[in-house]
Amino acid sequence: MDVIQAIQGRHTVSKVKPDALPREMIEQLLHAAAQAPNHHKVRPWRFVVLTGEGRARLGGAMAASQGERQPDLPPEALDKTRALPLRAPVVIAVGVDKPTEPRILEIENVAAASAACQNMLLAAHALGLGAIWRTGEWARDPLVKQFLGFEADQHLIGFLYVGWPEFAAEYAERPGFEDRTVWME
Ligand SMILES: Cc1cc2nc3c(=O)[nH]c(=O)nc-3n(C[C@H](O)[C@H](O)[C@H](O)COP(=O)(O)O)c2cc1C
């Protein structure tokens, strides 16, 4: 599959099989991520790979945080939250380094880490895997960030859920570029 085919063919896959992925395959995704462009060669991306019990511990941190914020929630709601990271055999949390000197800009670090995420989504697609980039309130949750080893003011730009697709993906046509593009000639 060439890169144009991968870009055109990639679609979000939210339902995947519970089967574990070989570590080499996960490393292929991370290797693709690390090829992303980044200004000043700061490599601002940080990956936390959650598999097996690691996902359950993430779910525990999410539920604990939610329970603190919303003490009136019934236990069933917290159980539902606890199970969220179990929706895929691999969850890759992607954090972004904070700039450490004036020439390094936060937005550029976020842009580079986002490119790393897209590289992983494309690589997953090329390997026959399904993936979804998720955020939600958990990506802004200081306790979840702390669990993952990030600072509260560090950006956590997503959780990539990856696994073997449960169903063949339905390819919906996406809107084109025309209404988002101005040509200056
Ligand atoms: C920064 C970002 C955050 C996202 N967060 C979520 C999310 O929390 N839940 C979700 O279902 N999809 C999320 N998505 C995936 C989008 O819903 C998905 O990319 C969009 O529907 C387009 O579908 P496609 O990926 O198949 O083109 C996110 C995508 C991005 C780029």
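Me: Where is the place of Ala61?

Reply: The model is a predicted one. Ala61 touches Leu143, Val144 and Phe147, leaving out residues up to four places away in sequence. As for its own element, the place of Ala61 is in helix H3.

Me: Does Ala61 count as buried or exposed?

Reply: A residue is buried if 20 or more other C-beta atoms lie within 10 Å of its own. Ala61 has 20 C-beta neighbours inside 10 Å, so Ala61 counts as buried.

Me: How far apart in space are Ala61 and Asp2, C-alpha to C-alpha?

Reply: In sequence, Ala61 and Asp2 are 59 residues apart. From C-alpha to C-alpha, their separation in space is 39 Å.

Me: At what angle do the axes of helix H3 and helix H4 cross?

Reply: Two packed helices are described by the angle between their axes and the distance between the axes. Helix H3 covers residues 52-69 and helix H4 covers residues 75-83. Their axes come within 7 Å, and the crossing angle is roughly 145°.

Me: Is the crossing of H3 and H4 left-handed or right-handed, and which residues of H4 make the contact?

Reply: The crossing of H3 and H4 is right-handed. On the H3 side, the contact is made by Gly59, Gly60, Met62, Ala63, Gln66 and Gly67. By class, the contact has 4 nonpolar, 5 polar and 1 charged residues. The residues that H4 brings to the contact are Leu78, Thr81, Arg82 and Ala83.

Me: Is Glu53 buried or exposed?

Reply: Glu53 is found in helix H3. Glu53 has 9 other C-beta atoms within 10 Å, so Glu53 is exposed.

Me: Which residues does Leu148 touch, not counting residues up to four places away in sequence?

Reply: Leu148 lies in helix H6, residues 142-148. Because Leu148 has 20 C-beta neighbours inside 10 Å, it counts as buried. With residues up to four places away in sequence left out, Leu148 touches Val48, Ala93, Gly95 and Leu156.

Me: How far apart in space are Leu148 and Phe47, C-alpha to C-alpha?

Reply: Leu148 and Phe47 are 101 residues apart in sequence. In space, C-alpha to C-alpha, the distance between Leu148 and Phe47 is 9.4 Å.

Me: What is the phi of His40?

Reply: The place of His40 is in the loop between H2 and E1. With 14 C-beta neighbours inside 10 Å, His40 counts as partly exposed. Most residues other than glycine have a negative phi. His40 is not a glycine, yet its phi is positive, at about 65°.

Me: What is the phi of Arg43, and where is this residue found?

Reply: Arg43 is not a glycine, but its phi is positive, at about 45°. Arg43 counts as partly exposed because it has 14 C-beta neighbours inside 10 Å. Ala112 is 69 residues from Arg43 in sequence and 7.8 Å away in space, C-alpha to C-alpha. Arg43 is found in the loop between helix H2 (23-33) and strand E1 (45-51).

Me: Which strand gives the largest share of the shell around the ligand?

Reply: The ligand is surrounded by His11, Thr12, Ile132, Trp133, Arg134, Thr135, Gly136 and Gly158. By class, this shell has 2 nonpolar, 5 polar and 1 charged residues. The largest share, 3 residues, comes from strand E3 (residues 130-134).

Me: What pattern does the chain follow along the sequence?

Reply: The chain has 6 helices and 4 strands. Read along the sequence, the pattern is α-α-β-α-α-β-α-β-α-β.

Me: What is the radius of gyration of the chain?

Reply: For 185 residues the globule rule gives 16 Å. The chain's value is close to that, so the chain is as compact as a globular protein of that length. Along its principal axes, the C-alpha trace spans about 60 × 45 × 35 Å. The radius of gyration is 18 Å.

Me: What percentage of the residues of the chain count as buried?

Reply: Among contacts in the chain with a separation of 6 or more, 77% are between residues 24 or more positions apart. Of the 185 residues of the chain, the share that count as buried is 31%.

Key:
Residues are numbered from 1 along each chain as its sequence is written. This is a predicted model: local features need pLDDT of at least 70, side-chain atom pairs count only at pLDDT 80 or more; totals for chains, interfaces and linings use all residues. Axes are lines fitted to C-alpha atoms, for helices over the stretch in contact, and angles run from 0 to 180 degrees between N-to-C directions. Helices (H or I, at least four residues) and strands (E, at least two) are DSSP runs, numbered from the N terminus. A crossing is left-handed if the near helix is turned anticlockwise from the far one by less than a right angle, and right-handed if clockwise. Two residues are in contact if their C-beta atoms, placed from the backbone, lie within 7 Å. Ala, Val, Leu, Ile, Met, Phe, Trp, Tyr, Cys and Pro count as nonpolar, Asp, Glu, Lys and Arg as charged, and the others, Gly among them, as polar. A residue is near a molecule or strand if its C-beta atom, placed from the backbone, lies within 6 Å of it. The radius of gyration is taken over C-alpha atoms; the globule rule is 2.2 Å times the number of residues to the power 0.38. A residue is buried if 20 or more other C-beta atoms lie within 10 Å of its own, exposed if 12 or fewer, and partly exposed in between; C-beta atoms are placed from the backbone.
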